[in-house]
Amino acid sequence: MSDTLNQLAAVLEARKTATPESSYVASLYHKGLNKILEKVGEEAVETILAAKDAASTGQHKDLIGETADLWFHSLVMLAALDLHPQAVLDELERRFGLSGHAEKAARPTSR
């Protein structure tokens, strides 16, 4: 799995210096962080709606597609902020085996 994320991270990084006309990702970078965040929010809503549909229909194709879109745009957001997906994987690994209640209780209250 991390091979796919590493490959995608490399492509996203390369698109930072591409012209906006050359790729969708380059155009997002050119439009700025607010546009990227707008796309993350849009994809989050679409993922939620697809999950509700999947729960009632048993069909998961749209949910998988929307989740892929959400993850993709989240990776674009991280790259725009000069963060690599490995930072998220490291955080998930840190939390693995930790009670969700304990992890939540240990968070700063300012979130």
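A residue counts as buried when its relative accessible area is under 20%, as exposed when it is over 50%, and as partly exposed in between, using a 1.4 Å probe and protein chains only. Lysine 16 is partly exposed, because its relative accessibility is 25%.

Some ground rules come next. What you're looking at is a predicted model, where local features need pLDDT of at least 70, side-chain atom pairs count only at pLDDT 80 or more, and totals for chains, interfaces and linings use all residues. Residues are numbered from 1 along each chain as its sequence is written, and side-chain values use heavy atoms, with hydrogens and water left out.

## The core

Let's start on the inside. A nonpolar core here is a set of buried Ala, Val, Leu, Ile, Met, Phe, Trp, Tyr and Cys residues joined through side-chain atoms within 4.5 Å. The largest one has 10 residues: Leu5, Leu12, Val25, Leu28, Tyr29, Ile36, Leu75, Val76, Leu78 and Ala79. Helices, by the way, are DSSP runs (H or I, at least four residues), numbered from the N terminus.

Which residues does leucine 12 touch, leaving aside those up to four places away in sequence? Its partners are Val25, Tyr29, Phe72, Leu75, Val76 and Ala79. Touching, or contact, means heavy atoms within 4.5 Å.

Leucine 78 sits in helix H4, and it counts as buried because its relative accessible area is 14%. Beyond the residues up to four places away in sequence, leucine 78 touches Leu83 and Val88. Between leucine 78 and isoleucine 36 there are 42 residues of sequence, yet their C-alpha atoms are 9.8 Å apart in space.

Methionine 77 is also part of helix H4. With residues up to four places away in sequence set aside, methionine 77 touches Ile36, Leu37 and Val40. Its C-alpha is 12 Å from that of lysine 31, a residue 46 places away along the chain.

## A look at H2

In H2, the buried residues are Val25, Ala26, Ser27, Leu28 and Tyr29. What do the buried residues of H2 pack against? They pack against H1, H3 and H4.

Serine 27, in helix H2, is buried because its relative accessible area is 14%. A polar atom of the serine 27 side chain lies 2.6 Å from the backbone oxygen of tyrosine 24. After H2 comes glycine 32, with a positive phi near 100 degrees.

## Out on the surface

Leu33, Leu37, Leu81 and Leu83 make a nonpolar patch on the surface, and together they have about 320 Å² of accessible area. Patches are built from residues with over 30% relative accessible area and no salt bridge, with like charges joined within 9 Å and nonpolar side chains (Val, Leu, Ile, Met, Phe, Trp, Tyr) within 5 Å. The areas themselves come from the Shrake-Rupley method with a 1.4 Å probe, and for residues, only the protein chains shown count as cover.

Leucine 33, one of the patch residues, belongs to helix H3 (residues 33-57). It counts as partly exposed because its relative accessibility is 34%.

## Salt bridges

How many salt bridges turn up in a search of the whole structure? The search finds 7. A salt bridge here is a side-chain nitrogen of Lys or Arg within 4 Å of a carboxyl oxygen of Asp or Glu. Here are some of them:

| Pair | N to O distance |
|---|---|
| Lysine 16 and aspartate 82 | 2.7 Å |
| Glutamate 43 and lysine 39 | 3.7 Å |
| Arginine 94 and glutamate 91 | 2.7 Å |

Take lysine 16 and aspartate 82, which form a salt bridge. This pair links distant parts of the chain, 66 residues apart: lysine 16 is in the loop between H1 and H2, and aspartate 82 is in the loop between H4 and helix H5 (85-95). Aspartate 82 counts as exposed because its relative accessible area is 62%.

Glutamate 43 and lysine 39 are both in helix H3, 4 residues or about one turn of the helix apart. Are they buried or exposed? Both are buried.

In helix H5, arginine 94 and glutamate 91 are about one helical turn apart, because 3 residues separate them. Arginine 94 is partly exposed, with a relative accessible area of 49%, and glutamate 91 is partly exposed too, at 28% relative accessibility. Elsewhere, salt bridges that share partners tie Glu13, Lys16 and Asp82 into one network.

Notes
Helices (H or I, at least four residues) and strands (E, at least two) are DSSP runs, numbered from the N terminus. A polar contact is a pair of N or O atoms within 3.5 Å; within protein, one must be able to donate a hydrogen and the other to accept it, and residues adjacent in sequence count only if both atoms are side-chain atoms.
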